[in-house]
Amino acid sequence: MNKLWLIIRREYLSRVQKKSFILTTLLTPLAFLFFFIFVGFIMSYESDEANKIAIIDQNNMLKKAIKDDGNTFFSFPNASLDTLKAQTSRGEYNGVLVIPPLSDIQVKEHKLYYYSDDQLSLDVKSAIESAVSSRIREYKIETMNLDPQLVESLRTSVEIDPEPIIEGGEDISSMRSAIGAGLGFIMGIMMYMGVFIYGMMIMRSVMEEKTNRIVEVMISSVKPFQLMMGKIIGVGAVGMTQFLVWIILIPLVSVLVNLVFGFDAQQMQTPGMATAQMDPDDMQSMVMMAMQELGSINWWLIIPLFLLFFIGGYFLYASLFAAVGSAVGDDIGDSQSLTLPISIPVLIAFYIMMVSVRTPHSTLAVWASIFPLFSPIVMPARLAFDVPWWQITLSLVLLLATVVFFVWLSGRIYRIGILMYGKKVTLKELGKWMFYKG
Amino acid sequence: MANILELTDVVKTYQTTKAVDHVSFSMPKGSIFGMLGPNGAGKTSLIRIITRITQADTGSILINGARLNDDHPEDIGYMPEERGLYKKMKVGDHLIYLARLKGLSEKQAKEAIHHWMEKFEISDWWNKKVEELSKGMQQKVQFIATVVHKPSLIILDEPFSGLDPINANLIKDEIDNLRSQGSSIIFSTHRMEQVEEICERIVLINRGQNVLEGVVGEIKQQRKKNLFRYQVSGEIPGGILERKEIIDQSEGSYTLRFTEERDSNLFLKALVDAGVYVYGFEEILPSLNEIFIQTVQEQGMTIEEPINIPS
């Protein structure tokens, strides 16, 4: 036990004290933030060119009034189409829009003509379409002699509020599933990255030990299994340290960036949301609701469970990476062909996880979160969705059993592998090693 | 004298190869012991069994009369043929780490390492990274790591490979010191001439088998062929050499084989009587190399070519 502790300490300290570790740990949150800001900037980027569009309204449906949209400016010059075309060619306008009269007041589709030598960009196209269509709607209401207020009242927006059937069940809002999906997605990604980054770290380190031959000195003092476990636990502790620093740093840095650059963090994090269609009050209330939902999530249950699955998944895959590292030595090509069988289940689990956050109670999600090779990545993604206890228990028990089995299996491969030199290693060979004695 | 190490009928098989084939030998406490044999003879396999890196299939290994167990590695110092250290670690930290894995406390480890580093005059390496050292320097560090916990059994696999003569002598002297402090030392090498003068006892291994074991002096005595070399000034008159078997003759140096050992003295007397000035007279004992080859041939075996055995 004492020796295992010494190994863990060395594996941990030798990594944590490295300059490169300190740099990546401190800079990654910054990099992430700048990435989000950058993405937000790109997503909200609109053409900065002004688009001047001349409209010929043949039936005067628009009454020479139409709202400009962003960088698109409309005008109704009194000129013929040919004059306007010529002016467009000279660059006075970007295009000429011809609105023919409606063939019938009840027509549902209406075709407009746009004259220009420039390509009509998607942005401009949709701006024109929505502006003109809402003006035609007003024209129709007026022509049909309808009461605009009555027409407006035809619109009803509906919202679904999920209610529990069993008494005393939690009353959750629809916001909950969005929050749950987001949370599940973040946890799933963390698992996925954790398994790969730290698994690879272990594999490289085992390969290095084998290549520079320190391993024989080591295992004349300690058992191969102790060496392997020491490395896995040590590197795991490194990962935990890194995550912890990030969990503390990311909110801190985002607040800081907010203060310095005045970016609206909320807007940055949801670049996909069409902020234009939502007035600031709505935004405010949505953020409030989201915060409330986040507060109502049972963190005391989710965080320990997440950690359990994280540790389980980490041990499972890390031990496999260690076994591969022990088998290949310094041959990068071999290591790639042998890591492939390990990577495939991780990748499959990742895709199932992406589906599971949308449909957390589908058959696929349920069984994938119980199957031990997938569960460490899929189950955390479902945790925010009130997973039945029997599923969590079954999943954990199976995971534990599999971890024990895989660590044992890897230990057996590792023990033979680290002393084996100059032999091309295949999967079949690895299989044989499991049954070697002593 | 009690035995520090006793092997009885030790067998180790890798799939199809018998790396160690019923090897038995014993090693007295406080001796310097040579384990000799060509590459691939099974020496490293044997060492790995003794250091508990692998386990024997059958057979018994006793250390100080007790069956080999998990406590013994702390009492053994092993320097493998293929040496390695963590390149990014500082020399001092590295030695402390290895010493602590052998059961020393932090304080004990520091004291012992300082002592050794002063002895080798390398105290200023403490904060250097291993990768900054030359190969020969790393070997010194490796040697300290091997002996820092005062093991009662020290096993050195090809200890002089890659060492310059000065450092090789330094290590030889330290090995003598350690022996006088009560350690027992196993030398494993295929360079038999290297250990001829250091080892008191040897075991010769070929193809995983113990082909010869015993005290070096006795082995040589048993295998001697009554060869004697006479060094004279001038030439030996032809008459005296009549009916004598001359093995080798060069300027003033004659090597002769006698059927009876005491005939060498009679020949010497004859030379002196004939007025030949003899300034050198010695018995030529066979080298371990010769003994090895002869023994292997007598037993109808072949010398194993170095092959790539999974070790």
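How far apart do the C-alpha centres of domain 1 of chain A and domain 2 of chain A lie? In this predicted model, those two centres lie 58 Å apart. The domain assignment places domain 1 of chain A at residues 51-151, while domain 2 is made up of two segments, 173-240 and 284-433. Chain B is likewise divided into a domain 1, residues 3-214, and a domain 2, residues 225-284, and the distance between their C-alpha centres is 44 Å.

| Chain | Domains | Distance between C-alpha centres |
|---|---|---|
| Chain A | domain 1 and domain 2 | 58 Å |
| Chain B | domain 1 and domain 2 | 44 Å |

Leaving aside residues up to four places away in sequence, A:Ala322 touches A:Ile202, A:Met203, A:Val206, A:Met228, A:Lys231, A:Ile232, A:Ser410 and A:Tyr414.

Between the chains, 17 residues of chain A are in contact with 24 residues of chain B. On the side of chain A that touches chain B, the elements giving two or more residues are helix H1 (2-16) and helix H7 (214-219) of chain A, and this side comprises, by class, 7 nonpolar, 6 polar and 4 charged residues.

Conventions:
Residues are numbered from 1 along each chain as its sequence is written. Chains are lettered from A and ligands numbered from 1 in the order in which they are written. This is a predicted model: local features need pLDDT of at least 70, side-chain atom pairs count only at pLDDT 80 or more; totals for chains, interfaces and linings use all residues. Domain bounds come from an automatic or database domain assignment. Two residues are in contact if their C-beta atoms, placed from the backbone, lie within 7 Å. Helices (H or I, at least four residues) and strands (E, at least two) are DSSP runs, numbered from the N terminus. Ala, Val, Leu, Ile, Met, Phe, Trp, Tyr, Cys and Pro count as nonpolar, Asp, Glu, Lys and Arg as charged, and the others, Gly among them, as polar.
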